[in-house]
Amino acid sequence: MDYLEEFPVIVIDDELHSDTAEGRASREIVKELKEENFPVIEALTARDGVHAFLSHPHASCIVIDWELSPEAADGTLTAADLITLIRERNPKIPIFLNTEKLAISAIPLSVISRIDGYIWKLEDTPGFIAGHIKRAATNYLADVLPPFFRGLMDYVEEYRYSWHTPGHMGGVAFLKSAAGRIFYNFFGENALRADLSASVQELGSLLEHSGVVGEAERKAAEVFGADRTYFVTGGTSAANKIVWLSTVTAGDVVLVDRNCHASVMHAIVMTGAVPIYLIPARNEYGIIGPVRNSEFHPEVVAEKVRNCPLIDDPASRTVRMAAVTNSTYDGICYSAERIEENLRETVPYIHFDEAWSGYARFHPLYAGRFGMHETDAVGPTVFATQSTHKVLAAFSQGSMLHVRQGRGVVDHPRFNEAFMMLTSTSPQYTIIASLDVAARMMAGHSGRFLVEEAIEEAIVFRKKMVTVAEEIRAGSSPREDYWWFTVWQPDCIMDEKTERALPEADDALLRNHAGCWLLEPHDAWHGFPGLEEGYAMLDPIKVTILTPGIGPGGEMEERGIPAAVVTKYLRENGIVVEKTGYYSFLVLFTLGITKGKSGTLLAELFRFKALYDGNSPLEEVFPDLVRQHPARFSGRGLADLCREMHGYLRDESIAGTLRNVYATLPEPVMTPAEAYRRLVRGEVTPVPASDIEGKTVAVMVVPYPPGIPVIMPGERCGPATRAIVGYLVSSQEFDTLFPGFENEVHGVDVVAEDGQRVYYVYCVTE
Ligand SMILES: *Cc1c(COP(=O)(O)O)cnc(C)c1O
């Protein structure tokens with residue numbers, strides 16, 4: 001198969017270029033390999049070899065000279081060290097030791113047990129040795145393929161004429177038009193030939209979890225530590241609904257993170273459940289924090305059940321399921337163990353929505369902070385749903401649903417009814433193959449190293465942002481006049497009993513010690529009082545950057561640079577951030593990170609600062625914006641725009657408003673399912689946001705920022721929750737004042753009326 005070409009053999013040998021018998025023999029072997037179409041990477045020193053190995057994770061074989069000279073060993077790095085380092089990262093890649101027969105007796109057992117064979121280059125012919133290497137490399141490459149992907153490739157290789165769907169028949173249909181041909185050329189023949197349908201028996205069935213699909217799911221379960229894993233081709237949006245439809249029925253009481261994804265809300269509508277909510281904390285910067293541990297205590301939950309007007313006979317009601325977003329959108333991960341402990345007697349099922357943290361299991365930093373952690377205790381049954389495509393390597397919509405069996409029964413045939421209900425009968429096979437590969441990538445040691453790389457890069461960036469701030473401060477006069485972006489993170493780290501500023505803290509400690517990142521009750525940096533020790537952790541790979549504007553006490557400062565302006569600038573310069581708040585934005589360091597990528601971000605932040613400090617004309621900074629709204633923006637500078645926008649947000653005291661918006665929940669009047677029933681039947685009226693007080697809202701309203709629902713379907717704003725109405729009205733006003741920076745509000749219909757943007761919200765007709 002030509003897919004197995006271009007996987008280099010790394011030869012680490014200091015004599016490769018020497019005019020000795022050994023040097024000549026080595027060169028002959030390299031020549032033979034190249035003639036066989038195996039690229040060879042030559043390394044003359046041990047350190048070079050390490051670099052070659054690290055920068056070629058797809059290498060197919062490694063040949064190491066056992067007798068590296070002291071110079072080639074760089075003083076300290078011996079061949080044995082090399083083998084240890086390689087084996088730590090890759091237990092399977094074939095390693096051959098190049099040595100003399102006589103030397104074998106001197107090779108320690110610890111080395112012998114970790115290599116795949118020897119090369120005696122003065123005794124065997126180069127052709128024989130190259131053949132040996134090639135065979136090992138090919139076997140290894142064939143073995144790295146996970147089951148479904150391998151099956152898919154084999155099937156496509158065989159190139160059968162198909163009489164089944166998809167109707168494009170391996171792409172051929174596309175060739176019958178010009179647009180189709182361009183489509184075909186763009187995606188390539190294999191992508192189209194691998195787009196198969198469920199009628200291919202050789203590949204098993206996703207709906208029945210049979211054949212190689214089933215095998216792939218079982219392998220993934222092993223890798224992710226689940227009792228059972230399901231591949232979901234409709235994203236975590238579908239996975240969440242599968243969890244709920246399999247477990248919750250109409251009238252069941254459920255405990256739900258108010259900071260839940262829309263798909264969980266949809267599941268509540270679809271099942272007819274009665275939700276009671278877990279309220280996340282919010283800090284002075286408008287960052288959404290964790291749901292406090294106390295929210296999970298049995299008495300607190302019981303109190304909520306008693307107070308919910310939609311539950312009759314609350315005394316006899318139990319809670320069926322609890323759903324928690326872990327990690328949160330702002331990168332806070334909970335101790336899943338602690339949540340389970342607290343909910344042990346309260347619910348038979350817990351659903352962790354881990355859309356953003358599918359990597360947690362693979363690095364010790366996150367120990368106990370994900371649903372599929374190891375445990376001996378029989379607590380609630382745990383579901384974890386993960387958007388593999390968001391943070392690992394899979395095609396969009398590729399998600400996994402993991403189950404850890406506990407007290408709540410999950411009977412596969414019954415569960416599968418829900419799976420089938422939410423799965424197409426023509427699932428996208430390339431998504432399945434990517435999930436299979438994603439699981440394989442994380443298997444064994446490689447998962448840890450992949451995650452570690454992302455953590456490492458994030459830490460470099462975090463440290464750099466602090467030192468840059470110090471340099472700017474030192475260089476500006478007067479000193480108070482400086483500004484730079486702040487990273488929301490601990491400023492000090494306890495390092496073997498001495499406290500050090502973050503940039504001075506040891507990297508290995510920061511990478512491996514969860515204690516560095518915990519939101520501890522005695523720390524001030526995070527701004528969430530009343531958290532329990534060790535309960536919530538900031539995930540270092542999710543970096544929230546604060547822009548100037550809100551002081552440490554939550555008061556709005558004189559100078560402010562709204563984050564929307566910064567992220568618009570970044571976007572127009574090729575950097576798309578994950579999420580934008582009022583004075584904060586979030587960037588992600590995922591497995592796709594490359595060294596130096598954060599350097600680009602840093603450079604753009606510097607450029608932004610220079611443009612801001614020079615009050616550069618908006619014509620230069622945002623030319624499109626000025627072209628679209630000349631009357632509004634021409635003749636102004638970047639600093640003018642920030643001053644104006646900040647002035648508006650300060651007059652609205654946005655930080656305080658947001659606190660009030662989420663301090664009290666609107667009153668539940670009917671279940672979300674009932675509100676939705678009214679919506680479908682047309683028993684609803686669009687009402688301008690300014691007039692919704694006293695009305696029962698039929699939809700979920702989620703403003704971005706901050707991205708938490710302010711109203712759920714079936715809830716009503718009253719006098720106590722007037723802040724919500726005020727907030728929506730002010731967002732609407734902001735949109736009108738700052739075209740090009742409009743808020744995104746899900747659940748409202750935006751109508752332009754006399755040059756104003758007005759939000760209409762569907763409310764239940766009285
Ligand atoms: C993105 C997301 C989802 C939905 O996942 P998709 O894979 O995009 O369907 C669910 N929950 C949370 C918390 C998310 O962020």
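Author: Helices (H or I, at least four residues) and strands (E, at least two) are DSSP runs, numbered from the N terminus. This is a predicted model, in which local features need pLDDT of at least 70 and side-chain atom pairs count only at pLDDT 80 or more, while totals for chains, interfaces and linings use all residues. Residues are numbered from 1 along each chain as its sequence is written, and side-chain values use heavy atoms, with hydrogens and water left out.

Reader: In which loop is Ser327 found?

Author: Ser327 belongs to the loop between β11 (319-325) and β12 (332-334). A cis peptide bond, with omega about 0°, joins Asn326 and Ser327. Another loop, between α8 (189-193) and α9 (211-224), holds His209. The phi of His209 is near 55°, a positive value in a residue other than glycine.

Reader: How many domains are assigned, and what are their bounds?

Author: Domain bounds come from an automatic or database domain assignment. Here the protein chain is given domain 1 (4-142), domain 2 (205-447), domain 3 (448-651) and domain 4 (664-764). The centres of domain 1 and domain 4, taken over C-alpha atoms, are 66 Å apart.

Reader: At what angle do the axes of α16 and α17 cross?

Author: Axes are lines fitted to C-alpha atoms, for helices over the stretch in contact, and angles run from 0 to 180 degrees between N-to-C directions. Helix α16 (residues 429-442) and helix α17 (residues 446-475) cross at roughly 90°, their axes coming within 6 Å. Angles under 35 degrees count as roughly parallel, over 145 as roughly antiparallel, 65 to 115 as roughly perpendicular and the rest as oblique. Therefore α16 and α17 are roughly perpendicular to each other. Their contact (heavy atoms within 4.5 Å) involves Arg440, Met441 and Met442 of α16 with Ser446, Gly447, Leu450 and Val451 of α17.

Reader: What is the angle between α2 and α3?

Author: Helix α2 (residues 46-55) packs on helix α3 (residues 79-89) at about 10°, with axes 11 Å apart. That makes the two, α2 and α3, roughly parallel. Ala46, Val50, Phe53 and Leu54 of α2 meet Leu82, Leu85, Ile86 and Arg89 of α3.

Reader: Which residues are closest to the ligand?

Author: A residue is near a molecule if one of its heavy atoms lies within 4 Å of it. The ligand is surrounded by 14 residues, the closest being Ser237, Asp353, Trp356, His389 and Lys390. An N or O atom in the side chain of His389 is 2.7 Å from a ligand oxygen atom, and a polar side-chain atom of Lys390 lies 2.9 Å from an oxygen atom of the ligand.

Key:
Polar contact = N/O pair within 3.5 Å; in protein donor to acceptor, adjacent residues only side chain to side chain.
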